[in-house]
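Please look through the structure below with its core and its backbone geometry in mind.

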Amino acid sequence: MEEHQAYLLTKAFEERLAIVNRKAMASLFHSWSFSLFLIVLTSAMFIGKSMAAGYGKARVPTLFRPSRWSLAHATFYGDETARETMGGACGYGNLFQTGYGTDTVALSTTLFNNGYACGTCYQIKCTNAPACYGVITKVTATNICPPNWSKDSNNGGWCNPPRVHFDLSKPAFMKIAKWKAGIVPVMYRRVPCARTGGLRFKLQGNGYWLLVYVMNVGGGGDIARMWVKGSKTGWMSMSHNWGASYQAFARLGGQALSFKITSYTTKQTVIALNVAPSNWRVGMTYKSTVNFS
Ligand SMILES: *[C@@H]1O[C@H](CO)[C@@H](O)[C@H](O)[C@H]1NC(C)=O
């Protein structure tokens, strides 16, 4: 009797267990098939996107969008001529010749991002101070504002990490505030860089080493990766040197050069085919017809 009851109980329990398991299996199957569906869908989207991304034909437009407004402070360096802003850490050299002019900024280490922020553009407005003019100005990052650890971060060491700080050219600062204020609170946001014409490539290096400064970068303004191709070579990955420069250790003399560049912010890739003719020379800047949007 007891044995029978025990058997019935066990039987009932097993049946319940079986039902529970069937349900679990069913829901597992459903969730599995759903996950599988998601995996297939996302891979399809990814493959589609990767196929569309690089090679021109059906590129997905990944336009750079402005960031949100944030708060920081701004100072200035140099005088009204902006002479001190030339030859900055991005490697753009003479900013009048390279088209950046005086609407430029040196970024604190935190913003500078080891030079990957070179060429990025910001809107800056002085806010909440009597010295403010209330206008928005737009600047391009062309330099780093290095830390000075002998000064307190809140008293002169404005560019010390982790501070977000903008050290403007004096002409740029004078557009947003009375320069005698020295330092003003600002609101800022990343904005697309509007550039006229294509990417420009300034070539440096020697017979075994090509160093390329990329200028006049539109869209996000920044560069994540770069490749070079000689007319007798395949695509070669270049490494980041400093600022906005990339290098390849290769013999490329006497070959026309093409460059492939991926934007840091938008991941968009553009190809500038045969930008430099086979008789290219170190020290020259070559203009392409392509740019980021
Ligand atoms: C850092 O600040 C000290 C103290 O004001 C100053 O003497 C020095 O020149 C500064 N260093 C740099 C690299 O600006």
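Helices (H or I, at least four residues) and strands (E, at least two) are DSSP runs, numbered from the N terminus. Residues are numbered from 1 along each chain as its sequence is written. This is a predicted model, in which local features need pLDDT of at least 70, side-chain atom pairs count only at pLDDT 80 or more, and totals for chains, interfaces and linings use all residues.

Pro 162 lies in the loop between β4 (136-145) and β5 (165-169). The peptide bond that joins Pro 161 to Pro 162 is cis, its omega being near 5 degrees. Most peptide bonds are trans, and most residues other than glycine have a negative phi.

Ala 82 has a positive phi, near 60 degrees, and sits in the loop between β1 (70-77) and β2 (104-108). A residue is buried if 20 or more other C-beta atoms lie within 10 Å of its own, exposed if 12 or fewer, and partly exposed in between, with C-beta atoms placed from the backbone. Ala 82 counts as buried because it has 22 C-beta neighbours inside 10 Å. Asn 113, in the loop between α2 (109-112) and β3 (121-126), also has a positive phi, of about 55 degrees. Asn 113 has 15 such neighbours inside 10 Å, so it counts as partly exposed.

A nonpolar core is a set of buried Ala, Val, Leu, Ile, Met, Phe, Trp, Tyr and Cys residues joined through C-beta atoms within 7 Å. The largest one has 60 residues, and Val 105, Leu 107 and Val 214 have the most contacts inside it. Strand β8 (residues 209-215) gives the most to this core, five residues.
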